[in-house]
Amino acid sequence: MKATISLSTLMQRAAETPRYMTSNNKLNPAAVISDLLFDAGGDFLKAEEEKKVKAQFAGNANYRDLILIICYLLHDSWFLEKKNLAPAMAVLLFDEKFKQLAGIVKARQFITDGERREELVRLVLSCLSLVPEGESEIKAKDRLTTLDSVERVRLIEKTRKAQERAKQLREEMARREAEEAASKMSRE
Amino acid sequence: MDEIIPDEIRTRVPLFRSEWMSMIRKLREHAHAPRWNALCGDRLQAPDLAYIRAYGEKLTKDRGPHNTFPSASLLQWIKDMTPHSWWFADYAGCIHQPGGFDQIPFMTRFDLQTKLEQIVPHDASLAGLVINPTSGTTGQPILCPNHPRAIGCYDPLIQYALARHGVKENYDFHKVAAVQLCCQQQTIVYNTVHSVLDGAGFAKINLALTEWKSAESPALYIEDLAPVFLSGDPYAFFTGMQLQIARKYKPRALLSTALNLTPTLRAVLENHYQCPVVDFYSLNETGPIAYSCPAEPGSFHILPADIYLETIGSSSSPCSTGGELVITGGRNPYLPLLRYRTGDSGVPDYTPCVCGDPHPRIKSLATRKAVFFYTKERELVNPIDISRILKDYPVIMHQFIQEKNYRCTLRLCPHRPFTAAESAELVSKLETLFKHTISVQLTFDLSPLEKKSIPYLCELEDQSIAYEYFQH
């Protein structure tokens, strides 16, 4: 990872995401992505890639909105001036983890909620192998783990399943304890 | 014509064959049979039987020296278990690094009591689950989920240990394989047959004289059944000796379990019963671990090949010169053990043994010593009866102490606060056990941090023969 842009600058930019970037059915996400990649030094999307983008967001407006917020964030001149981030951006924009994230957090929250905003900025930087200015890799990773919504939901789900299983196991063991065991010729 | 198999037997011994009924009748309807109070069977289905037979063959054939490091197959077993057990997923990740096994945190008795759902595979169907009661002599009673298939493996493991002591027997429904002797105020007593041994009979009996028609009955019953071997704890064998159960009948072996067998008592038992005494080291959580060496009875050969044994020192790091015994592996599908601290200690010995078993030995094995309490009239009280009473209460750990003046204190670490009624009831049950000759005080000051606390302590200065046999 390389030292880069300050976290507060990017968080400020995320907070200023224009209203028209989200909940806007008229906006063509493929065109927005294509422009971003071109401005970052890459190529426009090809026709078949545009079709793929369209199919990817069909019926998943929250996912589309999240990717558009990320596009706006990455359209900062600091990223564009690097002129070598387009390939990494293309990978990032199709990364499965953002689809997962969109499945559990409303896209607007990444603009309005401070913690979610920080999570998004850190996640985007991490996908580009960058760390916020003035932070070590370890600190950046730790902070991202703390904010990780997908991990939090996974833990909540794991805890819920563990509680359910504990209850099932307790009840089953109490029931089986009341019954006879299996015969064995030695005891402990 | 085939006999009709009663449902009560068919459900408990699914592979029961009609010709085995003669054995059931022999065990059950004998003129001197005890008052049966339970029904029990091996619960094995045909695939279980095939598994156990294959396990028995493997036990004999694949007997090679153990490594002092975890084998590739053990490491693979841990990796295979990781997607199924949350405990393994949380703690076994480091196994992928070189030397990572030593970094895996230990599993303890407390974990089995409080985090069992983390350990039991979360995707395992609980349909085959059985709970075998434990005598509770460790002071931390644990309910261990188990499977008939894993319990069925006790038979080949026991037979292997007996064979090492020269007892090789072909079993069928004409023979009684074993009678298990217990001696306590109350316990379940039942008779059954084992499918693994082709319908050979087995009876669990209680030598407490209230269970029998007459004082002569235990000896007459056992004499007539003539079981191949007797199993039980040292105290039960000692009581059997006093009841003269081996006047005419001689068992081919005694299989001693549950409590430490002192060299003095071993010699007395061997002399009295005129047969080898096989000391069997087995825990409810792990199943059989080791058996006493026929050439050097004070040391124990590791019995199964599907467990990995380590010893850890006082700093909880592996220590080849001895320490607490730690087990990984096993065959219980509901309780995969990952560096499980047994609470017992010993010294591993990987040098070849003159008896010929290539499996390593545990020397200086320190397990649970027999402790007995007394009423003021000097009648013995078995601590197993105290454990039995405590099973009905929300107790994580206990320590029962009898002082020099006979007064007793029961220290508890409860799951939840006791109600006043529960406390009074428990004290009353214990004082009844001591025939109302002593008072019992209850305290709730035992901490789970006192992991090494001794569950039973008797401070009476006893010069009886029992003391001599069980303590030295």
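The questions and answers below go through the contacts and salt bridges of this predicted model.

Me: How many residues of chain B are in contact with chain A?
Reply: In this predicted model, the two chains meet along a surface to which chain A gives 20 residues.

Me: What is the area buried between chain B and chain A, and which residues of chain B lose the most area?
Reply: The size of an interface is often given as the accessible area lost when the parts come together. Here that area is about 3,300 Å², and carbon and sulfur atoms give 58% of it. On the side of chain B, three residues together account for 18% of what that side buries, and those that lose the most area to chain A are B:W86, B:L126 and B:I131.

Me: Which residue of chain B forms a salt bridge with A:R187?
Reply: The count of salt bridges between chain B and chain A is two, alongside 18 residue pairs in polar contact, both residues at pLDDT 80 or more. In the salt bridge of A:R187, the closest N and O atoms are 3.4 Å apart, and the partner is B:D233.

Me: Which element gives the largest share of the side of chain B that touches chain A?
Reply: By class, this side of chain B has 32 nonpolar, 17 polar and ten charged residues. The largest share of that side amounts to four residues, and these come from strand 3 (residues 176-182) of chain B.

Me: B:E117 is buried yet has no salt bridge, so how far away is the nearest side chain of opposite charge?
Reply: B:E117 belongs to helix 7 (residues 116-119) of chain B, and it touches A:A162, A:R165, A:A166, A:L169 and B:W86, not counting residues up to four places away in sequence. A salt bridge needs a side-chain nitrogen of Lys or Arg within 4 Å of a carboxyl oxygen of Asp or Glu. The nearest side chain of opposite charge to B:E117 is that of A:R170, and its distance is 6.0 Å.

Me: Why does the salt bridge between B:R331 and B:D306 tie together parts that are apart in sequence, and how many residues apart are they?
Reply: The closest N and O atoms of B:R331 and B:D306 are 2.8 Å apart. B:R331 is buried, with a relative accessible area of 11%, whereas B:D306 counts as partly exposed at 24%. Because B:R331 lies in the loop between strand 12 (323-329) and strand 13 (337-349) of chain B, and B:D306 in the loop between strand 10 (300-302) and strand 11 (307-312), the pair ties together parts whose separation in sequence is 25 residues.

Me: Is B:R361 buried or exposed?
Reply: The side chain of B:R361 meets that of B:D349 in a salt bridge, with 3.4 Å from N to O. This pair links strand 14 (residues 361-366) with strand 13 of chain B, the two residues being twelve residues apart. B:D349 has a relative accessible area of 12% and is buried, and B:R361, because its relative accessibility is 5%, also counts as buried.

Me: How far apart in space are A:L27 and A:L68?
Reply: A:L27 is found in the loop between helix 1 (7-15) and helix 2 (29-39) of chain A. Among the residues that A:L27 touches are A:Y20, A:V32 and A:L68. Although A:L27 and A:L68 are 41 residues apart in sequence, their distance in space, C-alpha to C-alpha, is 9.5 Å.

Key. Residues numbered from 1 in each chain as written. Chains lettered and ligands numbered in written order. Predicted model: local features only at pLDDT ≥ 70, side-chain atom pairs only at ≥ 80, totals over all residues. Heavy atoms only, no water. Contact = heavy atoms within 4.5 Å. Buried area = accessible area lost by both parts, 1.4 Å probe. Polar contact = N/O pair within 3.5 Å; in protein donor to acceptor, adjacent residues only side chain to side chain. Nonpolar A, V, L, I, M, F, W, Y, C, P; charged D, E, K, R; others polar. Buried < 20%, exposed > 50% of the residue type's maximum accessible area, 1.4 Å probe, protein only. Lys, Arg positive; Asp, Glu negative; His and termini not counted.
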